[in-house]
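Take a look at the sequence and the structure below.

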Amino acid sequence: MEDLIQRAAESLIKARHAIALTGAGISTESGIPDFRGPNGIWTKNPDAEMKAYEVYDQFKADPKRYWEDRLDPQGSTSRLFAVLGEIGKFQPNPGHFALAELEKIGILKYIITQNVDGLHQKAGSKNVIEYHGGINKFRCFVCNRRFSKDELNLEKIKMEGKLPPYCPCGGVIKDDGVFFGEPIPNDVVEGSRREAWKCDLMLICGTSAVVYPFASLPEMANQGTIIIEVNGEPTALTGRISDYLIQGKTGELLPKILERVTNIT
Ligand code: APR
């Protein structure tokens, strides 16, 4: 293990453009369950996972009804968002802070995360692409313009009987979170591809790497790109796409890698 940590630190220092790809596993030590681990949200709530596959079609079929259900405390979609809504109260852990520090010292250029929890930004990371969107944000389904919670007074729109909310461009507004089956917004696809093609090192942390198209990013990396996994268990990339796996908790291993990097430089 120690030799893999040393090896990762040396590769990070030599890297011209290192990026990190992260998933739910990096936030479990903050108290947010992952999806497919033993205590995962989907593992524990198979119904919620089934429901999650229906939401996008419901939204497309009838955005007004989608929002009425979403804003109805008894609504089925609102329960799903109640679970997700709690996410905002959690705090980053040493894994998030280690990546933020690696950015600050110029080693890490970008983070592409599947997480909607905003913990990378809370930890101080600046260059973050939220591949599946962000909690507490909204997005125009047509022009992709993002709206913060303050910019969109949903209760007022509801009270005035003006649901669904519309963007000034005329498009319907939805939650920024990307639903199963929903295409990833163009600007996110372009930014992620740019980084996947530009990087010469990918540090992949806390993801089972089974959800596409995110899981295709490591496959897009150029020949010779060093791909290092930090994860609690082997993943769909291990022994296939990644060079090696450092197996364990991201909250423990990433600070160790950072420490080695700072000791070497
Ligand atoms: N440290 C390291 N690895 C961990 C830790 C930890 N503290 N906690 C969990 N893991 C690992 C698990 O063993 C698992 O391999 O992280 C991985 C998390 O995988 P998933 O639960 O599948 O989460 P993720 O890959 O992010 O899911 C992708 O699926 O449900 C959708 O939209 C959702 O963004 C999510 C996407």
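The model is predicted. Start with the ligand. A shell of 23 residues lies around the ligand. Arg-36, Trp-42, Thr-207, Ser-208 and Glu-233 come nearest. By type, the shell holds five nonpolar, 13 polar and five charged residues.

| Residue | Protein atom | Ligand atom | Distance |
|---|---|---|---|
| Thr-28 | side-chain N or O | nitrogen | 2.8 Å |
| Gly-206 | backbone N or O | oxygen | 3.5 Å |
| Ser-208 | polar side-chain atom | oxygen | 2.6 Å |

How much of the ligand does the protein bury? Taken alone, the ligand exposes 740 Å², and the protein buries 92% of that.

Now turn to Thr-238. Is Thr-238 buried, partly exposed or exposed? The relative accessible area of Thr-238 is 28%; buried means under 20% and exposed means over 50%, so Thr-238 is partly exposed.

Two polar contacts involve the side chain of Thr-238. One joins the side chain of Thr-238 to the side chain of Glu-229, at 2.8 Å. In the other, the side chain of Thr-238 reaches the backbone nitrogen of Thr-235, at 2.8 Å. With neighbours within four places in sequence left aside, Thr-238 is in contact with Glu-229 and Leu-245.

Gly-31 is 207 residues from Thr-238 in sequence. In space, C-alpha to C-alpha, Thr-238 and Gly-31 are 26 Å apart.

How values were computed. Residues are numbered from 1 along each chain as its sequence is written. This is a predicted model: local features need pLDDT of at least 70, side-chain atom pairs count only at pLDDT 80 or more; totals for chains, interfaces and linings use all residues. Side-chain values use heavy atoms; hydrogens and water are left out. A residue is near a molecule or strand if one of its heavy atoms lies within 4 Å of it. A polar contact is a pair of N or O atoms within 3.5 Å; within protein, one must be able to donate a hydrogen and the other to accept it, and residues adjacent in sequence count only if both atoms are side-chain atoms. Accessible areas come from the Shrake-Rupley method with a 1.4 Å probe; for residues, only the protein chains shown count as cover. Ala, Val, Leu, Ile, Met, Phe, Trp, Tyr, Cys and Pro count as nonpolar, Asp, Glu, Lys and Arg as charged, and the others, Gly among them, as polar. Buried means under 20% relative accessible area, exposed over 50%, partly exposed in between (1.4 Å probe, protein chains only). Contact means heavy atoms within 4.5 Å.
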